[in-house]
There are 2 protein chains.
Amino acid sequence: MGQAVIGVDLGGTNLRTALVSPAGDILAKQKEASLASEGHQKVIARLLKNITQQREKAKELGLDVTAVGVGAPGVILSGDGIVVTSPNFPDWNNLPLRQELEKALSLPVFIENDANTAALGEQWRGAARDVGSMIFLTLGTGVGGGIVYEGRIWGGAHGMAGEVGHMTLVPDGRKCGCGNKGCLEMYASSRGIVMSYLDAVPPGAADGASSITSADIYRAASEGEPLAVRVMQDMGRYLGIGIANLINILNPAMVVIGGGVRDAWRLFIEATRQEVRQRAFSYPAERTQIVPSVLGDDAGMVGAAAVALQKRR
Amino acid sequence: MGQAVIGVDLGGTNLRTALVSPAGDILAKQKEASLASEGHQKVIARLLKNITQQREKAKELGLDVTAVGVGAPGVILSGDGIVVTSPNFPDWNNLPLRQELEKALSLPVFIENDANTAALGEQWRGAARDVGSMIFLTLGTGVGGGIVYEGRIWGGAHGMAGEVGHMTLVPDGRKCGCGNKGCLEMYASSRGIVMSYLDAVPPGAADGASSITSADIYRAASEGEPLAVRVMQDMGRYLGIGIANLINILNPAMVVIGGGVRDAWRLFIEATRQEVRQRAFSYPAERTQIVPSVLGDDAGMVGAAAVALQKRR
């Protein structure tokens with residue numbers, strides 16, 4: 001009987017579940033709303049239902065599911081499979097998610113931070129498939145990150161490495177939800193872009209500005225509206241400082257950028273590259289590819305499947 | 001016949017050479033001035049002389065030298081053993097140091113950045129000997145760094161990782177020799193401390209201030225001189241921002257601090273720890289040990305020996 005694994009991307013909004021071959025091909029997938037606000041018991045029941053459906057799909061295909069990988073947002077103790085806290089799931093506190101799922105499924109389950117699984121997905125089958133070591137930045141409402149070294153997630157001492165969005169860029173900068181000030185996340189996320197725009201808009205000229213979205217700003221910048229253009233270039237520069245730091249610290253072969261802000265790629269990337277050239281050591285900076293992600297919403301499921309394949313004994 | 005390796009720490013000032021057992025014990029060592037200004041040919045001749053003397057010492061002890069590791073300052077392509085540039089050796093440009101030494105010695109030679117070898121030395125036999133993964137910061141005239149992951153130097157894609165001293169802390173800050181602005185090195189090195197003092201001293205009150213050294217500032221701070229105390233606390237805070245970034249990005253088990261500034265430990269470490277608590281994610285921050293180095297000047301030689309042992313086939 002052939003084998004397969006199940007990769008789950010549990011986001012604050014969507015729960016995505018895929019049946020994945022040992023080579024990383026998605027054989028089947030499904031998606032439904034996470035409904036995080038319904039509390040952890042209902043979310044776990046929903047997880048189990050989706051995983052079981054994919055397991056039945058595997059049976060139809062004549063495949064045996066050998067393990068499940070789950071990418072979840074928040075602070076995860078990946079070794080123990082515990083969700084310490086998760087901003088998207090307010091009632092998840094030291095939740096032994098791995099244990100709960102293993103008990104119900106009688107299958108090995110592995111839990112990872114969702115930015116780490118997305119990173120591994122892009123390294124295994126996406127933009128970085130030809131390099132072993134890379135850094136993934138997901139620029140969404142916040143800024144997540146994952147580091148892959150020689151084909152494996154760099155977890156650090158407690159599985160919590162990769163929080164590159166919470167690198168300080170401006171010591172006395174904007175207050176971040178993490179408790180720090182001036183984090184990359186406060187400048188290079190969609191929320192940061194809106195804040196920069198509102199900070200820059202002249203008083204009195206702010207008609208309707210308070211309800212502006214990042215998509216509105218991308219559109220205005222595309223149309224050449226000077227303030228929006230400047231905001232996007234500033235965002236690009238902050239991102240460039242962060243990437244320059246990562247190049248000097250880690251000398252990755254590639255930096256892959258995903259998340260919703262990637263859609264505004266051409267509005268910020270030149271400013272980013274220029275800042276990297278000005279700040280990072282030139283030898284590694286000239287050789288570090290900075291590229292957009294290619295797997296999109298599939299990255300997390302594919303990477304969670306990779307975790308399951310790597311960790312299963 | 002027993003085996004040993006030779007570890008060399010080639011600094012801008014001193015050339016240190018040791019005969020090291022496979023367990024990491026220093027069996028013999030010697031030191032002389034590097035005399036970098038005499039040019040690369042004389043420095044290489046001096047390297048060869050010191051290595052040969054330690055090889056003879058090995059013979060006396062009935063030991064066979066199987067490899068040589070060299071830590072050298074600057075931009076090093078460790079895979080190829082080439083010194084791309086080195087601030088301390090101005091005439092070293094793309095110097096194939098490994099090839100030159102191997103030709104003369106008929107021994108395998110491995111070249112690494114000197115902060116990386118010091119990091120590995122502290123991890124193998126020093127402050128971090130009980131943890132596999134750590135970050136070493138050497139606060140001297142500049143700020144060097146090395147990352148050790150599961151007992152090996154994290155070299156990155158080109159062997160150039162670990163340049164944590166050139167992380168941007170202040171985007172429009174002091175101009176650094178690397179071409180960037182606001183690098184950690186410009187605030188947490190002995191040179192940075194002197195600059196901060198001179199920036200802070202009131203005009204007119206600066207009698208003799210222009211010739212002040214970092215040691216003078218440590219002494220004044222120890223005696224409670226308010227300006228010196230403040231300068232050392234500011235330095236500690238900047239170091240804390242840098243370490244908080246490293247904790248969020250890499251989640252190391254330990255951060256080890258060496259270099260001459262370590263002598264002023266109690267003048268800055270509380271400010272550093274407070275800044276780390278305020279800025280880094282609390283779960284890893286509470287668990288990351290921040291400790292002084294213990295091997296001192298031996299760290300580089302011991303780590304260079306470890307490189308030789310690890311890379312020799």
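Colleague: How many salt bridges does the rule find across the interface of chain B and chain A?

Modeller: Zero between chain B and chain A, counting a side-chain nitrogen of Lys or Arg within 4 Å of a carboxyl oxygen of Asp or Glu. Bear in mind that this is a predicted model: local features need pLDDT of at least 70, side-chain atom pairs need 80 or more, and totals for chains, interfaces and linings use all residues. Residues are numbered from 1 along each chain as written, chains are lettered from A and ligands numbered from 1 in the order written, and side-chain values use heavy atoms, without hydrogens and water.

Colleague: OK, and what area is buried between chain B and chain A?

Modeller: About 3700 Å², with carbon and sulfur atoms giving 63%; that's the accessible area (1.4 Å probe) both parts lose on being put together, summed over both. W154(B), I249(B) and R279(B) supply 19% of what chain B buries there, more than any other three residues.

Colleague: Switching to α10(A), is it enclosed or open?

Modeller: Largely enclosed by the rest of the structure, because eleven of its 13 residues are buried, meaning under 20% relative accessible area (1.4 Å probe, protein chains only). Among them are M301(A), V302(A) and L309(A).

Colleague: And R129(B), buried or exposed?

Modeller: R129(B) is exposed, at 52% relative accessible area, where the cut-off is over 50%. Beyond its neighbours within four places in sequence, R129(B) is in contact (heavy atoms within 4.5 Å) with E122(B), Q123(B) and W124(B).

Colleague: Which backbone oxygen lies 2.5 Å from a polar atom of its side chain?

Modeller: That's the one of G126(B).

Note on methods. A polar contact is a pair of N or O atoms within 3.5 Å; within protein, one must be able to donate a hydrogen and the other to accept it, and residues adjacent in sequence count only if both atoms are side-chain atoms. Helices (H or I, at least four residues) and strands (E, at least two) are DSSP runs, numbered from the N terminus. Buried area is the accessible area (1.4 Å probe) that two parts lose on being put together, summed over both.
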